[in-house]
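Then read on, one step at a time.

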Amino acid sequence: MNDPTTPYPILLHDYWRSSASYRVRIALGLAGLEWQAVAVNLVEGGQTRPDYLSLNPQGLVPTLDIDGHRFTQSLAIVEYLDETRNLGLLSGTPAQRAKARAIAHAIAMDIHPVCNLRVAKQVIAASAGTLTMESWMQSTIAPGLAAVEQMVDGECFCSGDSLSLADLCLVPQIYNARRWGVDLAPMPKLTRIDAHLAQIAAFAAAYPAQ
């Protein structure tokens, strides 16, 4: 349900396969919020349309209209929802919060940007046929996730014994890894955590095929 204290509708401008949008859908689900999805087709260039650029000058997804505000950048949006809806995604000691952020940033700021569709297309075009989309994704996602495998320290969650910001970043990246045929066998901790998180309703509902 929407927060009864606000009259503003919640609008999520997203693309179904976007990792960044996926993170925000999970957070909205954890908050128990209802929202209206506004599709931005990245494949067809919807993010470059003047009407969308007036909402998000970077031409990226997601963009979230909530509580009378407009927010961009998925991690900023998730932290806003965490703070205003008490999701507990950055709880514990300062050291525990730093650990969760480090894992989240390793995924969202190191792996994800080089796998961004815009970046990947430019790399493929510049390779003069030596790279394919699949080979680029595999060569960037696999080592990134291998490092994250060494960073996680929980059995069911990425950091410790509770859900955190890191988990909202992991699940979309595992989805992308499987989509591009990345071998996840060397990452048993990540696949175990992903399987556990898949049983949580907000994660299941946010899955791209939904």
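What follows is a walk through a predicted model, from the whole chain down to single residues.

Begin with the overall build. The protein chain has nine helices and four strands. In what order do the elements run from the N terminus on? The order is β-α-β-α-β-β-α-α-α-α-α-α-α. Trace that pattern on the model before you move on.

Next comes the outline. The C-alpha atoms fill a box of roughly 55 × 45 × 30 Å, taken along the principal axes. How does the radius of gyration fit a compact globule? The chain has 210 residues, and a compact globule with that number would have a radius of gyration near 17 Å. The protein chain has 17 Å, so the value agrees.

Buried residues make up 46% of the 210 residues. The accessible surface of the chain comes to about 10,100 Å². Carbon and sulfur atoms account for 56% of that surface. Contacts tell another part of the story. Take the contacts with a separation of 6 or more: 67% of them join residues 24 or more positions apart.

Turn to the empty space. Rolling a probe the size of a water molecule over the atoms shows where empty space is left. The largest pocket has a volume of about 900 Å³. It is lined by 37 residues, and the closest to its centre are Leu42, Leu60, His112, Asn116 and Leu117. Which elements give two or more residues to this lining? They are helix H1 (19-30), helix H3 (74-85), helix H4 (94-115), helix H5 (117-126), helix H6 (133-151) and helix H7 (165-179). Helix H4 gives the most, with five residues. Sorted by class, the lining has 18 nonpolar, 14 polar and five charged residues.

The second largest pocket holds about 190 Å³ of space. Its lining has 17 residues. Those nearest its centre are Ser91, Gln96, Ser159, Gly160 and Ser162. By class, this lining has five nonpolar, eight polar and four charged residues.

Now for some details of the backbone. Most residues other than glycine have a negative phi, and most peptide bonds are trans. Where does the chain have a cis peptide bond? One runs from Val61 to Pro62, with omega near 5°. Find Pro62 in the loop between helix H2 (50-53) and strand E3 (63-66).

Two residues other than glycine have a positive phi worth a look. Asn86 has phi near 55°. It sits in the loop between H3 and H4. Is Asn86 buried or exposed? Its relative accessible area is 67%, over the 50% cut-off, so Asn86 counts as exposed. Ala128 also has phi near 55°. Look for Ala128 in the loop between H5 and H6. Its relative accessibility is 72%, so Ala128 counts as exposed.

Next, go to some buried residues. Here the cut-off is a relative accessible area under 20%. Start with Ala120 in helix H5. Ala120 has a relative accessible area of 0%, so it is buried. What does Ala120 touch, not counting residues up to four places away in sequence? Its partners are Met133, Trp136 and Met137. One of these, Met133, is 13 residues from Ala120 along the chain, and their C-alpha atoms are separated by 6.8 Å.

Val148 is in helix H6. Its relative accessibility is 1%, so Val148 counts as buried. Leave aside its neighbours within four places in sequence. Val148 is then in contact with Ile103, Ala106, Ile107, Ile111 and Leu190. Compare a pair along the chain: Val148 and Ala198 are 50 residues apart, and their C-alpha atoms are separated by 19 Å.

The last stop is Asp194, in helix H8 (residues 188-197). Is Asp194 buried or exposed? Its relative accessibility is 10%, so Asp194 counts as buried. Which residues does Asp194 contact, leaving aside its neighbours within four places in sequence? They are Val171, Ile174 and Arg178. Show Asp194 with these partners on your screen, and the walk is done.

Conventions: Residues numbered from 1 in each chain as written. Predicted model: local features only at pLDDT ≥ 70, side-chain atom pairs only at ≥ 80, totals over all residues. Heavy atoms only, no water. 1 Å grid on protein atoms, 1.4 Å probe; cavity = no way out; pocket = protein on both sides within 12 Å on 5 of 7 lines; lining within 4 Å. Points joined across faces, edges and corners; volume = space filled by probe spheres on them. Nonpolar A, V, L, I, M, F, W, Y, C, P; charged D, E, K, R; others polar. Rg over C-alpha atoms; globule rule 2.2 N^0.38 Å. Buried < 20%, exposed > 50% of the residue type's maximum accessible area, 1.4 Å probe, protein only. Contact = heavy atoms within 4.5 Å. Areas by Shrake-Rupley, 256 points an atom, 1.4 Å probe, with all protein chains shown as cover.
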